[in-house]
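This report covers pockets and one set of side-chain contacts. Please look over the sequence and the structure before reading on.

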Amino acid sequence: MQKIFAANWKMYKTRSQASQSAQELAKGLGQMPAGQEVVVFAPFTAISCAADAFKGHAGLTVGGQNCYPAEEGAFTGETSPAMLRDAGAAWVLTGHSERRHIMGEDDALVARKTIFALEHGLNVLLCIGETLEQREAGKLNAVLERQLAAVFAAMPASLGGAALVGKLAVGYEPVWAIGTGKVAGPKEVLDAHAVTRALLGKLVGETASRLPILYGGSVKPNNAAGLMALDNVDGLLVGGASLEAQSFLQIIGA
Ligand code: PEP
């Protein structure tokens, strides 16, 4: 299974700060071994800076944090998949909890973005996850199922199944663990990743075993190894602790 270490820089870093961080990562990582990939989800303005710093480094790639599901048009403030690719991005995040909960994106829009981005040559890290209220109400499985089903129900046959391998990864991010310092415990992560794998199995059959599932939510250098050792954890999505290159390097090294 492909292993992915993803950094979400959120709305941080000017172009020069992004160049400096990406150069530090490139220096620290060199070339990634086959089957491992590091993806930095940079703010739009800094994508090209990070991509320049990663040139010539196998397995180091850049992604956008959002895109709009149209080729071009009167969509003020939005960015198309082709524009992201032109800036040097190979990936895009969809369904991040900050977009679902702060920007009000619903499952249908997340599905449209995911499918459009895949159709237009980007790899997608699709984020799913429950709020604390949903977890406490016993709705974890139902929420993950609803979020995944919305995407796969709308997926054209040409994109689905084995065609998704190497192009789609899923990020399980409990909303209550993002940016709060409250990492999910091993049992919570194991259970949620097993549920996610089983749901993917229902939706895409045996291809499910080949789609990486990343954990995200307060990952730090001191908990990364323990998380990566858990079944069905194929990578990590790191926000706050990825902003300092040295701390993200420690997480990858763990
Ligand atoms: C994220 O932004 O996806 C994230 C997991 O953030 P943090 O690591 O800061 O919790």
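## Terms and model

A polar contact is a pair of N or O atoms within 3.5 Å; within protein, one must be able to donate a hydrogen and the other to accept it, and residues adjacent in sequence count only if both atoms are side-chain atoms.

The model is predicted: local features need pLDDT of at least 70, side-chain atom pairs count only at pLDDT 80 or more, and totals for chains, interfaces and linings use all residues. Residues are numbered from 1 along each chain as its sequence is written, and side-chain values use heavy atoms, with hydrogens and water left out.

## Asp-107

Asp-107 is part of helix H5, residues 107–119 (a helix is a DSSP run of H or I, at least four residues, numbered from the N terminus). Asp-107 counts as buried because its relative accessibility is 17% (buried means under 20% relative accessible area, with a 1.4 Å probe and protein chains only).

The side chain of Asp-107 makes a polar contact of 2.9 Å with that of Arg-100 and another of 2.6 Å with that of Arg-146. Leaving aside residues up to four places away in sequence, Asp-107 touches Arg-100, Arg-146, Gln-147 and Ala-150 (contact means heavy atoms within 4.5 Å).

## Largest pocket

A pocket is an open set of points on a 1 Å grid over the protein atoms alone, where a 1.4 Å probe fits, with protein on both sides within 12 Å along at least five of seven lines; lining residues have an atom within 4 Å of a point. The largest pocket is lined by 17 residues, and Lys-10, Met-11, Gln-65, Arg-99 and Met-103 lie nearest its centre.

Technical notes. Helices (H or I, at least four residues) and strands (E, at least two) are DSSP runs, numbered from the N terminus. Buried means under 20% relative accessible area, exposed over 50%, partly exposed in between (1.4 Å probe, protein chains only).
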